[in-house]
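My entries follow in the order I made them.

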Amino acid sequence: MKYASIVAILICSLAVSVAAAESPIKSGDRIAIVGNTFADQLRIHGYLESALLQHAHGVSIRNLGWGGDMLAARDRPTNFPSEESTLGAHRTDVIIACFGMGESFGGKESLGKFEQDLEAFISSHAGKSYNGESEVRLVIVSPIACEDLGGLTPNRDARNEDLLAYTQAANKVAANAKVPFVNLFETSRYLMDEPVGPNLTTNGIHLNGFGYWAISHGFADQLLASDQSTSREPWRLSIDAQAKRGQGYGIEISKLTIHASEVAFEGTETLAPRLPPPTDQPLPPPLAFQRDTLVVQNLATGTYKLMVDGEKVATATADDWRHGVPIDSSPAHHEAEKFREAVNDKNLQFTYSWKALNQVHIVGERRTSPSGRALPSEVIQFNELANQRDEAIQSGVELKTRQWRLTRIEN
């Protein structure tokens, strides 16, 4: 476990840009995410939002990200609803702004303009009260690093030099404006440089599903208060079969019984499980540490199968159990994955209401056609569906008491 502690320290050290005194995100916040392709894709994968819902209870999120957006280039269809009206309709408390990737292609000679554009963006929201009660709060998010994909990314080192410069510039502007800053450049570069594990991106700069799962851990940590960090740690269950005792973090262990070929106990969940990684490949150590894990020491030699509420979770040797086995395919993890799917469905309904695919029928030249005249009412219905889905996910994943049983199946 010594290595795991070192990894935890390294991960936490990447979140130094956010002031520890106050959490950028608080329970009950109504949040809007704006920005580029990175921001837009957050709504499709749902890992960050699921984590925020579990640990900042009562938050409500609307993703206004748009592929290709930059601070000074945010084109929309004719008559598209203004961002200000959408922020007001959501009664937004916090805006999470993700910019800098597109701007970074301008190179270091465009840094000055980027700083000016970011200052103008912050100023444009200064004093605004979209919730009708208090001034909106901002969180500025850096771009991610560029991943080494061989021939697909021949200029990776130069790109990262530029991305680092834009990250530092954004940090400086945010600090001057006393706005929280989230550094995803360092978080992502650290993970990308690990030799083990799947790629995080499809082309060096656009995250894939695994990439969004991986980055969301550090992203959530930087958005939530440091004094709440323990509530975001993974499950850690440890049992000594010889001493016949066990302890758990995230799960309370009770009614522990240990026999020659079986360990059984009742596990009461006190924290939500971690979402399972969307890959079967080995994970780099920092991400492996993020998985819920069961350690069982001093088992008799053999192969053991773990069942939770009658469902198979993992099979491993006594030596594997001694070192710790990931347990993120339990019934609780299946329910957590269904919760993420519900989050994604809510986001889809909102997208249909706000960024419908056939804009020409809503705000363009065909809005007076029969189909165009019918669409406004459909848009309203999709928004109502999004609001209903939002209410349904507010309680997060239900925490339960389950029966755990580890049985030897081979000597």
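Entry: I began with helix H3 (residues 47-55); 7 of its 9 residues are buried, so H3 is largely enclosed by the rest of the structure. Buried here means under 20% relative accessible area, exposed over 50%, and partly exposed in between, with a 1.4 Å probe and protein chains only. Helices (H or I, at least four residues) and strands (E, at least two) are DSSP runs numbered from the N terminus. I listed the buried residues of H3: Tyr47, Leu48, Glu49, Ser50, Leu52, Leu53 and Gln54. They pack against helix H2 (37-45), strand S2 (60-63), helix H9 (209-223) and helix H12 (331-354). Contact means heavy atoms within 4.5 Å.

**Entry: ground rules.** The model is predicted, so I note that local features need pLDDT of at least 70 and side-chain atom pairs count only at pLDDT 80 or more, while totals for chains, interfaces and linings use all residues. Residues are numbered from 1 along each chain as its sequence is written, and side-chain values use heavy atoms, with hydrogens and water left out.

**Entry: the nonpolar cores.** I then looked up the largest nonpolar core, which has 48 residues. Such a core is a set of buried Ala, Val, Leu, Ile, Met, Phe, Trp, Tyr and Cys residues joined through side-chain atoms within 4.5 Å. Ile25, Phe38, Ile96, Phe219 and Leu223 have the most contacts inside it. Strand S1 (30-35), H2, H3, S3, strand S4 (137-141), H8, H9 and H12 each supply at least two residues of this core. The largest share, 8 residues, comes from H9. A second, separate core of 30 residues includes Phe99, Leu138, Ala174 and Phe350.

Entry: Ile96 is in strand S3 (residues 94-98). At 1% relative accessibility, Ile96 counts as buried. Leaving aside neighbours within four places in sequence, I find Ile96 in contact with Ile25, Ile31, Ala32, Ile33, Val34, Val139, Val141, Phe219 and Leu223. I checked Phe219 too, not counting residues up to four places away in sequence: Phe219 touches Phe38, Leu42, Leu48, Ile96, Val141, Val182 and Leu184.

**Entry: H8 over H9.** The axes of helix H8 (residues 184-192) and H9 come within 10 Å and cross at roughly 145 degrees. Axes are lines fitted to C-alpha atoms, for helices over the stretch in contact, and angles run from 0 to 180 degrees between N-to-C directions. Leu184, Thr187, Ser188 and Leu191 in H8 meet Ala214, Ile215, Gly218, Phe219 and Gln222 in H9. The residues of this contact divide into 5 nonpolar, 4 polar and no charged.

**Entry: S1 and S2.** S1 and S2 pair in the parallel sense over 4 bridges. Two strands pair if DSSP finds at least two bridges between them. The bridge partner of Ile31 in S2 is Ile61. Which way do the residues of S2 point? Ser60 and Arg62 point one way, Ile61 and Asn63 the other, and all are buried. In a regular strand the side chains alternate between the two faces of the sheet.

**Entry: the open sheets.** I traced 5 strands in an open antiparallel sheet, ordered S8-S9-S14-S11-S12. Strand S8 (251-259) and strand S12 (311-317) each have a single partner strand, so one side of each is left without a neighbour in the sheet. The twist averages 20 degrees from one strand to the next. S8 and strand S9 (residues 262-269) pair over 7 bridges in the antiparallel sense, and Ile258 has Val263 as its bridge partner in S9.

Another open sheet has 4 strands in the order S7-S6-S10-S13, with mixed pairing. Its edge strands are strand S7 (245-249) and strand S13 (325-326). Strand S6 (residues 236-240) and S7 pair in the antiparallel sense over 5 bridges. Asp240 stands opposite Arg245 in S7.

Entry: Most residues other than glycine have a negative phi. Which way does the phi of Lys244 go, positive or negative? The value is positive, near 55 degrees. Lys244 lies in the loop between S6 and S7, and at 56% relative accessibility Lys244 counts as exposed. Arg91 has a positive phi of about 55 degrees as well. Arg91 sits in the loop between helix H4 (83-89) and S3, and is partly exposed at 44% relative accessible area.

How values were computed. Nonpolar A, V, L, I, M, F, W, Y, C, P; charged D, E, K, R; others polar.
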